[in-house]
Amino acid sequence: MCLIIFSSCKNEESKIVYSKATGEVVPVEYAKGFKIQQFDGYKLMTVKNPWPKADKSFTYLLAEKEANIPSEVQYDLKVTIPVQKIVVTSTTHIPSLEILNEEQSLLGFPGLNYISSEKTRARISKGLVAELGQNESMNTEILISLDPDLVIGFAIDGNNKTFSTIQKSGIPVIYNGDWTEESPLGKAEWIKFFGAFYNKDAQASAKFNEIRDSYLESKELAKNAKSSPTVLSGSMYKDQWYVPYGNSWQAKFIEDANANYIYKDTKGSGSIALSFESVLDKSKDAEYWVAPGQFQSFQQLMETSSHYTQFKAVQDKKVFTYSNSLGTTGGVIYYELAPTRPDLVLKDLISIFHPELLPDYKSTFFKALQ
């Protein structure tokens, strides 16, 4: 295995050759985007899919303060662990910190109002988490003044001037690619990525195992349903209707809830852009419509277009949204928590499609359109 190192202060820069990588591999079952090897006093973490269609991977050295690092080890960035101070840049990162009981290490975040979790909002209200602006124009001066041990970032490509500025200050920026995973359990398994920075690998694995078992038990429960209803998903934006591909994260939930997604046979990355007429022709008789964009009520739906009444799911009032489940400052809870807790998403959908299987169930994300 050959890797490359860059470092300086927290972020040492040098070039060394690593020839004998024989560390213990941390088990990763579903996630395709990262791997971790554990050595004596340090770890090597490789992020393989930092962004869609990435042409390179990154290897990070996570080393304890007194660790004896072989001189030939190569890596892209070095981080001293366990981490004490951190900045994350996506609400999807918040649940992992909280599950590991490390939310107190969070110093700053871009767009505090998007965070919904009550535990982290309590810290925000006490002024313990700094506002960093927005991801597209993050306030790097404030971030650098916080002096975090690292920044967990995400990127749509390899060109991010903000991250370059942060790294030049000596603060390492580690790419998190959880959002590129296509399977629900693949996204959830990135809790092990966070666990590695806090030396909480065992706790992260144990929590993931709980989530995995809960998800798989719910999937088995759904197989007991007597029918498999047809389901439409997605929504209009301007003059295009965007529906998830059949191999997507969203579509996998519908499949595992034992329902028949209208576009299950499609494959690709992201969403398919279709005309309203095309979706109407194919989906007008679908029994359910889930995730209809930002609509919170049938009134909003009708004010946008009266043509929605042509869908059976609208006529039967079987439209379900996660846009009605909001945090105290308006953040959509689904965007924050769903990737880490796919078991809760699956149970929501099973309770919608097969209510007899989960009587008296209280939904976490999906609610009937008002």
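Predicted model: local features only at pLDDT ≥ 70, side-chain atom pairs only at ≥ 80, totals over all residues.

Me: OK, then which backbone atom does the side chain of Ser275 reach?

Reply: The side chain of Ser275 reaches the backbone nitrogen of Ser278, at 3.1 Å.

Me: And where is Ser275?

Reply: Ser275 sits in the loop between β17 (271-274) and α9 (276-283). With a relative accessibility of 30%, Ser275 counts as partly exposed.

Me: What sheet does β17 belong to?

Reply: An open sheet of 3 strands, in the order β14-β15-β17, with antiparallel pairing. β14 (235-237) and β17 are the edge strands, each pairing on one side only. From one strand to the next, the twist averages 35 degrees.

Me: How many bridges join β15 to β17?

Reply: 4 bridges join β15 (residues 240-244) to β17. Val243 stands opposite Ile272 in β17. α9 packs on this sheet, touching β14, β15 and β17, and its direction makes about 105 degrees with that of β17.

Me: Which residues of α9 are buried?

Reply: Phe276, Val279, Leu280 and Ser283. Seen down the axis of α9, those buried residues fall within an arc of 100 degrees, so they line one face of the helix. Among the elements covering them are β13 (230-233), β14, β15 and β17.

Me: What's on the face turned away from the buried side of α9?

Reply: That face carries the exposed residues Glu277 and Asp281.

Me: Switching topic. What's the strand order in the 5-stranded sheet?

Reply: The order is β1-β2-β3-β4-β5, and the sheet is open with mixed pairing. Its edge strands are β1 (24-25) and β5 (77-81), each pairing on one side only.

Me: How do β1 and β2 run relative to each other, parallel or antiparallel?

Reply: Antiparallel, with 2 bridges joining β1 to β2 (residues 34-38). The partner of Val25 in β2 is Gln37. Gln37 also has a bridge partner in β3, namely Leu44.

Me: So what about β2 and β3?

Reply: β2 and β3 pair in the antiparallel sense over 5 bridges. They form a hairpin with 3 residues between them, and Gly41 in the turn has a positive phi of about 90 degrees.

Me: Which residue in β4 stands opposite Val47?

Reply: Phe58. β3 and β4 (residues 58-64) pair in the antiparallel sense over 6 bridges.

Me: Which residues other than glycine have a positive phi?

Reply: Asp147 is one of them, with phi near 55 degrees. Ala291 has a positive phi too, about 55 degrees.

Me: Where are they, and are they buried or partly exposed?

Reply: Asp147 lies in the loop between α3 (140-146) and β11 (150-153). At 36% relative accessibility, Asp147 counts as partly exposed. Ala291 is in the loop between β18 (288-290) and α10 (298-304). Ala291 is buried, with a relative accessible area of 13%.

Me: Last thing, confidence. What does the chain average for pLDDT?

Reply: The chain averages a pLDDT of 91, and 94% of the residues score at least 70.

Me: Where does pLDDT stay under 50?

Reply: Residues 1-9 are one such stretch, and the model has 40 contacts for them beyond four places in sequence. Residues 11-19 are another, where pLDDT also stays under 50 and the model has 40 contacts beyond four places in sequence.

Conventions:
Residues numbered from 1 in each chain as written. Heavy atoms only, no water. Pairing = 2+ DSSP bridges. pLDDT = per-residue confidence, 0-100. Contact = heavy atoms within 4.5 Å. Buried < 20%, exposed > 50% of the residue type's maximum accessible area, 1.4 Å probe, protein only. Polar contact = N/O pair within 3.5 Å; in protein donor to acceptor, adjacent residues only side chain to side chain. Axes fitted to C-alpha atoms, helices over the stretch in contact; angles between N-to-C directions. Arc of directions from axis to C-beta.
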